[in-house]
Amino acid sequence: MSTIQPTSTQSPEGAQALQDERRAAMGGEPPFTPEPPTVVSVPKALREAGITAAIVGLLTVFFVAIRSDIAPGGLVLYQRWDLWLTFVGLAFAIRFVLSLALFQRKVSLRSGAATKKVAAPGRKITLGRVLGILFLGVALFLPFIIRAVFPASDRYLIDLAILILTYVMLGWGLNIVVGLAGLLDLGYVAFYAVGAYSFALLAINFELGFWVCLPMAGLFAALWGIILGFPVLRLRGDYLAIVTLAFGEIIRVVLLNWGEFTGGPNGLLGIPRPTLFGLDFGRGEGTFSDFFGIPYSPIHRFIFLYYIILALALLTNFVTLRLRRLPVGRAWEALREDEIACRALGINTTNVKLTAFATGAMFGGFAGSFFATRQGFISPESFTFLESAIILAIVVLGGLGSQIGVVFASLVMIGGIELMRNLTFIQDVLGSDFDPSRYRMVLFGVAMVAIMVWKPRGLVSSRQPSAVYKERKAIGADMVAQGEGH
């Protein structure tokens with residue numbers, strides 16, 4: 001009489017574990033056979049490079065090869081075929097190398113981001129945590145590092161760091177709406193404007209300080225986020241994007257035409273600066289330099305502004321990470337994946353959408369109030385659709401739902417655009433007639449296209465879900481809904 005020995009695979013848990021191991025070993029896709037190796041074809045790479053060079057040549061012939069200028073005698077045309085051929089040759093060479101090294105290489109289905117098991121937080125130090133600590137350490141001492149290394153341009157670089165941190169904060173705020181809740185918002189600049197104008201009007205008309213108006217500006221922006229949330233509760237995808245875009249334009253037009261209240265196209269002047277416990281960063285008695293007995297320097301105000309926006313950005317990051325672990329954060333992620341399933345599980349999608357819009361709008365209002373006090377002047381021209389497009393591009397380029405990805409994308413987009421103003425070394429290669437400031441947006445667009453081809457799911461293409469069962473697994477970004485609201 002034979003007896004059947006019990007095995008682990010006869011239990012549901014053992015069968016599921018065996019199936020997971022088999023799927024991980026075979027690549028994760030039926031019929032569980034390894035993908036045949038890809039043969040690199042040089043003729044194919046040459047053909048693709050030729051097509052790319054032809055497209056680049058057609059697009060740049062009227063911008064690079066033929067240049068027009070206004071002279072006393074009329075319009076003068078300059079021909080620069082050598083520079084045009086240089087552009088075409090570079091396009092051919094770069095495409096040829098990418099075809100051989102990247103596009104035709106074997107892409108294994110065994111993705112580390114999709115199958116690698118990652119230890120739970122507190123058990124293992126991950127790369128993202130190491131990068132976060134490294135960035136935090138650099139950010140805390142960045143003004144002093146800049147003053148020690150670049151004393152001649154410290155004011156410009158610190159001001160650039162303030163601008164980058166402002167967009168980091170805006171990106172983290174929009175990441176709640178787009179990256180976590182999956183609601184495509186093209187009018188996020190409206191909350192940015194509401195926060196700026198709320199702070200400016202309160203500070204000018206009621207003579208209130210920055211620290212008093214800051215939370216009030218965030219609350220006003222959150223209120224407008226709720227007001228926007230109600231009309232779009234039944235909308236998804238492109239329809240949602242159109243409505244949010246219209247909302248942003250409505251706010252801008254109201255600010256532009258309500259002259260007696262908002263100043264109209266002239267904007268608002270005389271916005272007060274922030275103070276440190278009542279100490280102003282100016283000259284004379286009772287100022288910061290007089291109280292501490294140090295010589296006056298205008299760089300002190302920039303350093304103070306830098307630490308204000310750094311604190312606001314860290315607050316945004318802290319609150320976002322904590323909310324993701326709460327039931328409302330898990331509801332955001334569930335809404336992003338499938339709204340119908342959320343309703344079937346009993347989740348109130350109305351409240352979930354409203355909380356997402358309100359929370360993201362509140363941080364946008366905080367950033368807007370800082371922008372107003374930093375500039376000292378605001379006008380509707382500062383809150384156009386281009387600002388919303390830049391913030392959304394930061395979120396998408398960094399990776400939807402990724403906090404550290406927003407930091408990388410802000411460095412690339414905001415810092416890259418500004419640093420391209422000073423690419424004088426390119427003149428040594430392409431000639432003294434080449435002005436890099438004229439082509440910085442073209443070069444930036446090419447860099448953006450290259451990054452999106454290289455990383456179509458963003459610079460950080462792996463995610464770690466907030467809710468886990470037994471063990472935490474990193475997943476690929478292709479398994480995350482891309483902000484379409486369904």
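Me: How is a nonpolar surface patch defined, and which residues make one here?

Reply: A nonpolar patch joins side chains of Val, Leu, Ile, Met, Phe, Trp or Tyr that lie within 5 Å of one another, each residue having over 30% relative accessible area. In this predicted model, a patch of about 900 Å² is formed by Leu134, Leu136, Val138, Leu140, Phe141, Phe144, Ile145, Val149, Phe150 and Leu314.

Me: Where does Phe150 lie, and is Phe150 buried, partly exposed or exposed?

Reply: Phe150 is located in the loop between α6 and α7 (154-180).

Me: Is Thr316 buried or exposed, and what does the side chain of Thr316 reach?

Reply: Thr316 belongs to helix α13 (residues 299-325). With a relative accessible area of 0%, Thr316 is buried. Its side chain reaches the backbone oxygen of Leu312 at 2.9 Å. If neighbours within four places in sequence are set aside, Thr316 is in contact with Met169, Trp172, Gly173 and Phe363.

Me: How many aromatic pairs does the model contain, and how is the pair of Phe92 and Phe96 arranged?

Reply: Two rings pair when their centres lie within 6.5 Å, and planes under 30 degrees apart count as stacked. The count by this rule is 19 aromatic pairs. For Phe92 and Phe96, the ring centres are 6.5 Å apart and the planes stand at 0°, so this pair is stacked. The two residues are four apart in helix α3 (residues 81-103), which means that about one helical turn separates them. Phe92 is partly exposed at 32% relative accessibility, and Phe96 is partly exposed at 21%.

Me: Why is the pair of Phe371 and Phe383 edge-to-face?

Reply: Planes over 60 degrees apart receive that label. The rings of Phe371 and Phe383 have planes at 75° and centres 5.8 Å apart, so the pair is edge-to-face. Because Phe371 is in helix α16 (residues 349-375) and Phe383 is in the loop between α16 and α17 (385-398), the pair ties together parts that are 12 residues apart in sequence. Phe371 is buried at 13% relative accessibility, and Phe383 is buried at 2%.

Me: Which residues do ring pairs link into a cluster?

Reply: The cluster consists of Phe281, Phe288, Phe291, Phe292 and Phe304, linked by ring pairs.

Note on methods: Residues numbered from 1 in each chain as written. Predicted model: local features only at pLDDT ≥ 70, side-chain atom pairs only at ≥ 80, totals over all residues. Heavy atoms only, no water. Patch = residues over 30% accessible without salt bridge, like charges linked within 9 Å, V, L, I, M, F, W, Y side chains within 5 Å. Areas by Shrake-Rupley, 256 points an atom, 1.4 Å probe, with all protein chains shown as cover. Salt bridge = Lys/Arg side-chain N within 4 Å of Asp/Glu carboxyl O. Buried < 20%, exposed > 50% of the residue type's maximum accessible area, 1.4 Å probe, protein only. Polar contact = N/O pair within 3.5 Å; in protein donor to acceptor, adjacent residues only side chain to side chain. Contact = heavy atoms within 4.5 Å. Phe/Tyr/Trp six-rings, centres within 6.5 Å; stacked < 30°, edge-to-face > 60°.
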